[in-house]
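Good morning, and thank you for making the time.

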Amino acid sequence: MDDLLSTVDVGKLAGVGPTAVKRWADQGILPCVKTAGGHRRFERREVQKFLDATRGSSAEAFVDLLLQTDGLGVEARLLTERSRLGSWVAVTEMLGGALATMGERWRAGKVSIYQEHLASERLARALARITGALPLQPGAPRCILACAEGDRHALGLSLVEVALREAGWETLWVGQDTPAVELAAVARQGGAEMIAVSASAATVDEVGLRRQAEVLAEACAASGVALGLGGSGPWPDPPAHGHRFRAIAPFVARAREIADERLG
Ligand code: B12
């Protein structure tokens, strides 16, 4: 019985709502059994197979698309994926895999620096256009999005941004290579409810990241600002304040809780 998951459990694993899971079941693309009461139940093994297959095949196909299509084609495909997967969080999971695949192809010499830059910028711009078009409620909580010092990998943050906007947050895009002391100053001035900082695998300076995390933790704790440290870089875990996030879904879940606490 432990290995039978509910619609809500599967939704959490996939980063989508229960309605999307029911749709997958009803379309027959995710096998399920029904309880005596008519509730859908899913075998954990089947769910994992389904998630691996969707993410894996979509990721490979998405890299090909990024390399071959223009920006509008990428945007159209992103919207189709959002419709298919049911949430931007779920799309970002697939895109995380696509970026890693692109990195592997680049390292193996199958993709040139020219192609990789073109593809990265296509994705960043398409995501920015989609994010800009998402509706925003007046008085929405605000989150600053920045890369750690020296880090120019802002695509992780672009993924975070679209998912966060869908969760009802306003985002302040600071982007690449941002000094921690400046973010700390904004926290002290009450410029945002949350600060999210990304460090990619290219940031290997653990001591430097620890120092930045300390500066941010101190200012955010003193000002009641939430702090999210994400990306594959070697952030301290746990930090003195806030959380170290290894994926976007738990971060967005936390952001939803903070937004609800403010309302309630
Ligand atoms: C695109 C890319 C670039 C682009 C970035 C463009 C842009 N606008 O972002 C450019 C061309 C600038 C670039 C430059 C470099 N890159 Co580069 N790059 C990549 C690539 C292909 C994708 C990177 C990416 O966006 N990853 C970032 C995100 C998507 O992944 P992530 O950090 O694992 O984060 C995940 C989650 O943690 C989450 N997340 C990320 N941030 C946050 C934040 C929060 C708050 C939360 C909740 C979650 C979250 O989202 C992701 C989704 O799963 C990767 C391949 C790869 N495997 O990642 C190489 C890669 C990261 N780059 C690498 C290198 C070496 C470099 C350079 C040093 C190359 C050079 N010699 O110049 C420079 C360094 C530049 C710098 N100072 O930062 C290496 C790092 C090697 C290592 N140490 O492991 C990689 C791994 C490629 C490789 N396989 O060798 N790169």
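Which residues of β6 lie on one side and which on the other, and are they buried or exposed? M194, A196 and S198 are on one side, I195 and V197 are on the other, and all of them are buried. Buried here stands for 20 or more other C-beta atoms within 10 Å of a residue's own, exposed for 12 or fewer, and partly exposed for what lies in between, with C-beta atoms placed from the backbone. By that criterion β6 is mostly covered, with five of its five residues buried.

Before I continue, two remarks on the source. This is a predicted model, in which local features need pLDDT of at least 70 and side-chain atom pairs count only at pLDDT 80 or more, while totals for chains, interfaces and linings use all residues. Residues are numbered from 1 along each chain as its sequence is written.

Let me place β6 in its sheet. Helices (H or I, at least four residues) and strands (E, at least two) are DSSP runs, numbered from the N terminus. Two strands pair if DSSP finds at least two bridges between them. An open sheet of five strands runs in the order β5-β4-β6-β7-β8, and its pairing is parallel. At the edges stand β5 (170-175) and β8, each with a single partner strand, so one side of each has no neighbour in the sheet.

On one flank, β6 pairs with strand β4 (residues 142-147) in the parallel sense over five bridges, and A146 stands opposite V197. On the other flank, β6 and β7 are also joined in the parallel sense over five bridges. There I195 stands opposite L227, and S198 stands opposite G230.

Not counting residues up to four places away in sequence, I195 touches I144, L183, A187, L216, C220, V225 and L227; contact requires C-beta atoms, placed from the backbone, within 7 Å of each other.

Next, a loop residue. P239 is found in the loop between β7 and β8 (243-244). Why does P239 count as buried? It counts as buried because it has 21 C-beta neighbours inside 10 Å. Leaving aside neighbours within four places in sequence, P239 is in contact with A213, A217, L227, L229 and R244. L229 is 10 residues from P239 along the chain, and their C-alpha atoms are separated by 8.4 Å.

I turn to the division of the chain into domain 1 (4-131) and domain 2 (136-263), whose bounds come from an automatic or database domain assignment. Taken over C-alpha atoms, the domain centres are separated by 24 Å. Across the boundary, 15 residues of domain 1 are in contact with 12 residues of domain 2. On the domain 1 side, α5 and α6 are the elements that give two or more residues, and α6 gives the most, with seven. By class, that side has nine nonpolar, six polar and no charged residues. Here Ala, Val, Leu, Ile, Met, Phe, Trp, Tyr, Cys and Pro count as nonpolar, Asp, Glu, Lys and Arg as charged, and the others, Gly among them, as polar.

Of the 35 residues around the ligand, G96, G103, L155, G156 and G230 come nearest. Elements that give two or more residues to the shell are α5 (88-107), α6 (113-133), α7 (155-166), β6 (194-198), β7 (226-230) and α10 (248-263). The largest share, seven residues, comes from α5. In terms of class, the shell has 18 nonpolar, 13 polar and four charged residues.

Notes: A residue is near a molecule or strand if its C-beta atom, placed from the backbone, lies within 6 Å of it. Two residues are in contact if their C-beta atoms, placed from the backbone, lie within 7 Å.
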